[in-house]
Amino acid sequence: MTKRVPKTSIFLVLVLALLGFAGWCGYQWWIWASAPTVSTTGSPTNEQPINLRIPPGTSAQEIGKDLETLGLIRSALAWNLWARWLAVQDDKGGFQAGTYQLFKTQSMPEIAARIWSGDVAQQSFTIPEGWSIKQMAQYFEQQGFFPAREFLASTERVSLAEYPWLPATSPMTGFPRLEGYLFPDTYQIPVGATVSPDEIVKQMLDRFEEVALPIYQQHQGKTNLSLSQWVTLASLVEKEAVVPQERQRIAGVFDNRLKKRMPLASDPTVEYAFGIKQTPDRPLTFKQVETPHPYNTYVNPGLPPGPIASPGKASLEATLNPEATDYLYFVAQYDGTHVFSRTLKEHQAAQTAIHDQREAAKPTPQ
């Protein structure tokens, strides 16, 4: 006679089977819910990022709804479950406010990790070496950051208590006090953030303090240049040097002329003084270089009252390590390089040769 299987055993088997099936279904659902909404397999995609701005105080549930609406995650419910798991793992953490660049090819845990860590989207702006503050102001206005006049005004209200190494006053009326001290570099700012000119100025002064000041401090006791003189001379080197290998030689020429109390005769100082820009076809005139002005280094010996642009690290270093040379003159060849001379006669011969070469290269009128 066959033994009957107890009903309780059958029930237990059914329960276990149902639990197993439910677990399998739950696992499959989680695999689906946490996967990217756009597959990364198959043909390559040129997917554009989606910007998501999370205001301060936004709850995890609200973030999940926004992500689901944008098609960045498959399930807001799965997001909420994952958010609770993250909170258990890191009870002091949380999703950070900011603007994020996210992709549909990212999985839900990847998206959550970026927002949890505050990995906000960044945009950059670049200030080239040799730019004046006026050029920076025009750039920020053209890029839509803020009006040029606001940036110029911001450069005049920096606190000396925060930056005691800065000059206390402008070199002369009408010329920016911070000329030369806003360090040229590429800077990152959060996407979508409203950035004020005060914040930009602070960011650039902080970079000068971080990169340039240590260079000067390492050479204190080895140079007779004050900080202001150093930055001023480096700004002339920056404007004159085009190819890197000539920076130290140009610095050496300026060093020689300063020692001999000769005028530096630097064209960029005349351009800065009178707000003009020479070109190969329209060089400075004798009248311009002979016009009196404190910044005109043709009529005044020594350094101008202050920097004429923001020098980069290479020019700052070259000014403290000028090439030991007996050159006293140089003239541009309009290909980025210069002809260096020891005497005025050699210099004038070089000027004549370069002029004749340019004239010979001009097309003959038909």
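**View 1. Tyr334 is partly exposed, with a relative accessible area of 42%.** The model shown here and in the other views is predicted. Tyr334 sits in the loop that links β5 (329-332) and β6 (338-341). Although Tyr334 is not a glycine, its phi is positive, at about 65°. Most residues other than glycine have a negative phi.

**View 2. Arg261 is another residue other than glycine with a positive phi, near 60°.** Arg261 belongs to the loop between α9 (247-259) and α10 (267-274). With a relative accessible area of 73%, Arg261 is exposed, because exposed residues are those over 50%.

**View 3. Helix α2 (residues 60-69) has four residues that are buried: Ala60, Ile63, Gly64 and Leu67.** Around the axis these residues cover an arc of only 100°, so they lie on the same side of α2. In an α-helix there are 3.6 residues a turn, so residues three or four places apart point the same way. Lys65 and Thr69, on the other side of α2, are exposed. The buried residues of α2 are covered by elements that include the strands β1 (50-54) and β2 (98-102) and the helices α3 (76-89) and α4 (108-117). After α2 comes Gly71, with a positive phi near 75°.

**View 4. Strand β4 (residues 186-190) has side chains that alternate between two faces.** Tyr187 and Ile189 point to one face and are buried. Strand β3 (residues 122-126) runs antiparallel to β4, and 5 bridges join the two.

**View 5. Helix α7 (residues 197-219) and helix α12 (residues 313-320) have axes that come within 10 Å.** The two axes cross at roughly 10°, which means that α7 is roughly parallel to α12. From α7, the residues Val211, Ala212, Ile215, Tyr216 and His219 take part in the contact. They meet Lys313, Leu316, Glu317 and Leu320 of α12. By type, the residues of the contact between α7 and α12 are 6 nonpolar, 1 polar and 2 charged.

**View 6. His347 is a residue of helix α13 (residues 344-361).** His347 counts as buried because its relative accessibility is 11%, and buried means under 20%. Leaving out residues up to four places away in sequence, His347 touches Tyr329, Phe330, Val331 and Ser341. Tyr329, Phe330 and Val331 fall within the range of β5 (329-332), and Ser341 within that of β6 (338-341). The loop between β5 and β6 is where Tyr334 of View 1 is found.

**View 7. Gln48 lies in the loop between α1 (7-34) and β1.** Its relative accessibility is 58%, so Gln48 counts as exposed. In sequence, Gln48 and Val243 are 195 residues apart. In space, the distance between Gln48 and Val243 is 39 Å, taken from C-alpha to C-alpha.

Definitions and conventions. Residues numbered from 1 in each chain as written. Predicted model: local features only at pLDDT ≥ 70, side-chain atom pairs only at ≥ 80, totals over all residues. Heavy atoms only, no water. Buried < 20%, exposed > 50% of the residue type's maximum accessible area, 1.4 Å probe, protein only. Arc of directions from axis to C-beta. Contact = heavy atoms within 4.5 Å. Pairing = 2+ DSSP bridges. Axes fitted to C-alpha atoms, helices over the stretch in contact; angles between N-to-C directions. Parallel < 35°, antiparallel > 145°, perpendicular 65-115°, else oblique. Nonpolar A, V, L, I, M, F, W, Y, C, P; charged D, E, K, R; others polar.
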